[in-house]
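Visitor: I'd like to learn how to read a model like this one. Could you walk me through it, feature by feature?

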Amino acid sequence: MSEIIKNPNEGNKEKIQRVLEIEKELAKRKEKNLLKQYNSGELKHLKQIEFHKCEKRNRWVFGGNRSGKTECGAVEAVWLARGNHPYKQNRRAVHGWVVSLTYEVQRDVSQAKVLKYLNPDWIHKIVMRQGSQDSPEAGVIDIIYVKNELGGISKIGFKSCDQGREKFQGASLDFVWFDEEPPHDIYEECAMRVMDRRGIIFGTMTPLKGLTWVYEEIYLNPKSNQDIWYTEMEWADNPYLHKDEITAMERLMGDDTLESRRFGRFRANEGLVYTEFDSSIHVIEPFSPPFDWQAGISIDPGLNNPLSCHFYYKDYDGNIYVGAEHYEKGKDISHHSEKILKMADDLNWHRGVSGMLEALIDSSAGQRTLASQKSVAELFFERGIAVDTRVNKDLWSGIATVKEYFAQRPPKIFIFKNCVNLIREIKGYWWGGGDNPIKKDDHALDELRYFLMSRPLNTKPKQKPSLHQKHKESMIKLRGNSRMNKQ
């Protein structure tokens with residue numbers, strides 16, 4: 001840099017001014033440890049802390065613009081490289097990649113964020129792809145060599161998706177950070193790169209491309225992969241974003257883009273049916289509800305398609321709890337009956353006056369066909385489950401009822417987090433052409449409608465709850481209120 005200043009004839013005044021600004025910024029950073037400030041700031045970004053603390057090996061932040069998603073991705077990469085992560089077991093001399101969509105985006109976004117949190121004296125050296133080492137902010141960085149506090153030199157490499165999959169082969173990595181959504185083939189290649197070292201993948205993105213592979217594989221997580229985790233960030237989650245700025249941004253955007261750009265939500269052109277559903281509020285940790293809360297069982301039958309069955313509770317305030325799930329396809333009635341009865345025994349579920357397990361079921365289960373001598377309802381009855389086919393199947397009123405439960409605050413419905421298929425279907429239920437939802441992956445949603453439309457009651461009349469029951473109810477309400485306050 002000093003050579004540029006001593007030889008002004010080699011550049012113009014703008015170039016000299018740019019160098020002076022860079023030197024001023026570097027001196028400013030040397031005075032302040034921004035990484036330390038990030039972790040100990042007075043204004044805590046709770047969603048960022050949740051991301052950093054998560055132990056899953058595949059973590060994603062779906063966030064709106066200016067929600068703080070890229071900030072936490074950059075800090076995570078720097079902490080890992082420095083070996084001073086406050087919430088993780090640190091390693092010596094790690095090797096990671098930062099993957100951006102293009103080199104231009106890398107220079108302006110992820111690269112700038114990483115440099116922001118790297119003090120100059122932590123940097124061993126920088127290898128440039130384009131530009132000068134004297135002003136790395138203005139060029140495109142290939143690798144930053146970072147001094148690791150536990151010993152050795154870590155490497156933060158930068159990759160661009162437009163390089164193609166071949167450029168992502170060969171390396172063995174400790175982490176990969178995707179800044180915005182990568183093509184699926186590059187994601188798969190990077191997943192292979194972290195396998196040898198049991199490394200981690202994390203992504204920060206605004207979902208602007210619709211229902212892509214990230215929606216299908218990460219957000220819905222159809223295989224219930226225990227290593228996958230995500231959170232959603234919106235403008236209100238960022239304590240550093242002023243309310244006036246939020247109002248100004250809202251005016252610039254239409255309702256059709258606010259879902260993605262403010263809330264970080266996936267959207268299709270047709271729109272999500274249950275927009276009122278919020279997994280941070282409506283999904284809770286499982287617990288053992290009192291016997292008096294047992295309200296009913298609902299079944300949507302299927303052989304080749306999945307059979308969905310859930311056990312429902314209702315407390316004394318009218319709140320609904322979806323407490324257990326059986327969801328399986330390609331099995332016969334005997335198999336499903338055995339599974340449901342076993343689940344009922346485990347839950348100490350009540351029986352009817354006949355001593356049989358009672359459940360609601362789709363009215364089609366009462367029909368006989370030329371190919372079968374007995375209906376599905378009769379087959380269940382023979383195996384100890386008395387199913388009631390008198391359910392209200394009106395789609396519109398059913399959807400309206402479910403939406404009403406999700407919309408109420410405080411919440412009126414809670415779903416245990418182990419009911420993974422119901423949660424997945426709610427998050428993936430979209431309006432199709434005309435005024436009807438797309439008829440796909442809605443088996444659990446169908447029997448949820450049947451249950452809520454049946455005006456569920458408790459198994460016993462309301463009676464004075466025990467101290468134990470009062471404690472559980474107060475803890476559940478406290479959990480729900482605290483989650484709402486975070487929103």
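Guide: Let's start with burial: of the 487 residues in the protein chain, 48% are buried. Buried means under 20% relative accessible area, exposed means over 50%, and partly exposed lies in between, using a 1.4 Å probe on protein chains only. This is a predicted model, where local features need pLDDT of at least 70 and side-chain atom pairs count only at pLDDT 80 or more, while totals for chains, interfaces and linings use all residues. Residues are numbered from 1 along each chain as its sequence is written, and side-chain values use heavy atoms, with hydrogens and water left out.

Visitor: What is the mean pLDDT of the protein chain?

Guide: pLDDT is the predictor's confidence in each residue, from 0 to 100. Here the chain's mean is 85, and 85% of its residues reach 70 or more. Go carefully at two stretches. Over residues 1-10 pLDDT stays under 50, and the model has eleven contacts (heavy atoms within 4.5 Å) for them beyond four places in sequence. Residues 480-487 also stay under 50, with 15 such contacts.

Visitor: How many helices and strands are there in the protein chain?

Guide: Both are DSSP runs numbered from the N terminus: helices are H or I with at least four residues, strands are E with at least two. This chain has 18 helices and 15 strands. As for how it folds back on itself, take the contacts between residues at least 6 apart in sequence: 70% of them join residues at least 24 apart.

Visitor: How many salt bridges does the count come to?

Guide: The rule is a side-chain nitrogen of Lys or Arg within 4 Å of a carboxyl oxygen of Asp or Glu. That gives 25 salt bridges. In one of them, E71 meets K113, at 2.6 Å from N to O. The two are 42 residues apart and link distant parts of the chain, with E71 in helix α5 (residues 69-82) and K113 in helix α7 (residues 110-117).

Visitor: Is E71 buried or exposed?

Guide: E71 counts as buried because its relative accessible area is 13%. K113 has 23%, so that one is partly exposed. E71 also forms a salt bridge with K116, where the closest N and O atoms are 2.5 Å apart. That pair, 45 residues apart, again runs between α7 and α5. K116, at 31%, is partly exposed.

Visitor: What about K439, which forms a salt bridge with D446?

Guide: Their closest N and O atoms are 3.3 Å apart. K439 is exposed at 65%, whereas D446 is buried at 6%. Elsewhere, salt bridges that share partners join R165, E188, E189 and R193 into one network.

Visitor: Where is the place of D196?

Guide: D196 sits in the loop between α8 (184-193) and β7 (200-205). With 66% relative accessibility, D196 is exposed. Its C-alpha atom is 9.8 Å from that of A171, 25 residues away along the chain.

Visitor: Which residues line the largest cavity?

Guide: On a 1 Å grid over the protein atoms alone, a cavity is a set of points where a 1.4 Å probe fits but cannot get out, and lining residues have an atom within 4 Å of a point. The structure has one cavity of 30 Å³ or more. I297, W349, H350, R351, G352, M356, L357 and E358 line the largest cavity.

Definitions and conventions. 1 Å grid on protein atoms, 1.4 Å probe; cavity = no way out; pocket = protein on both sides within 12 Å on 5 of 7 lines; lining within 4 Å. Points joined across faces, edges and corners; volume = space filled by probe spheres on them.
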